[in-house]
Amino acid sequence: HRFILEDVPYGMVPMEILGGILNTNTPFVSSVVSTCSILVNKDLRKDARDFRKFMGIEINKEKLLELV
């Protein structure tokens, strides 16, 4: 379903990545991403929207907080 194939890699995975940058645990988001990956038999993190990879943005916690 498109909610899994689109919303998870383009919405939830970026939230998980932001949590990692901010050193914040995202256990619920991470478990949903992992569960959905199992359900569709596809690594949804592999081709997910990762601003570091697709947009060439390297950012750390301090820079992110400054921008926000």
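Guide: The term needed for what comes next is pLDDT, the predictor's confidence in each residue, given from 0 to 100. This is a predicted model, and the mean pLDDT of the chain is 86.

Visitor: Which element of the chain has the highest mean pLDDT, and which the lowest?

Guide: Of the chain's residues, 90% reach a pLDDT of 70 or more. Among the elements, the lowest mean, 65, belongs to helix α3, residues 51-54, whereas the highest, 96, belongs to α2.

Visitor: Which element gives the most residues to the largest nonpolar core?

Guide: The largest nonpolar core has 12 residues, among them Val 8, Val 13, Val 33, Cys 36 and Leu 44. The elements that give two or more residues to this core are α1 (2-21) and α2 (27-40). The element that gives the most, with 5 residues, is α1.

Visitor: Within what arc do the buried residues of α2 fall, seen down its axis?

Guide: The buried residues of α2 are Val 29, Val 33, Cys 36 and Ser 37. They line one face of the helix, because seen down the axis of α2 they fall within an arc of 105°. On the other side of α2, the exposed residues are Pro 27, Phe 28, Ile 38 and Leu 39, while what covers the buried residues includes α1.

Visitor: Is Ser 37 buried or exposed, and which residues beyond its neighbours within four places in sequence is it in contact with?

Guide: Ser 37 lies in helix α2. Because buried means under 20% relative accessible area, Ser 37, with 11%, is buried. Leaving aside neighbours within four places in sequence, the residues in contact with Ser 37 are Lys 42, Asp 43 and Leu 44.

Visitor: Is Leu 39 buried or exposed, and how far is Leu 39 from Ile 4 in space, C-alpha to C-alpha?

Guide: Leu 39 also has its place in helix α2. The cut-off for exposed is over 50%, so Leu 39, at 62% relative accessibility, counts as exposed. Leu 39 and Ile 4 are 35 residues apart in sequence, and their C-alpha to C-alpha distance in space is 9.2 Å.

Terms used: Residues numbered from 1 in each chain as written. Predicted model: local features only at pLDDT ≥ 70, side-chain atom pairs only at ≥ 80, totals over all residues. Heavy atoms only, no water. Core = buried A, V, L, I, M, F, W, Y, C linked by side-chain atoms within 4.5 Å. Buried < 20%, exposed > 50% of the residue type's maximum accessible area, 1.4 Å probe, protein only. Helix = DSSP H or I, 4+ residues; strand = E, 2+ residues; numbered from the N terminus. Arc of directions from axis to C-beta. Contact = heavy atoms within 4.5 Å.
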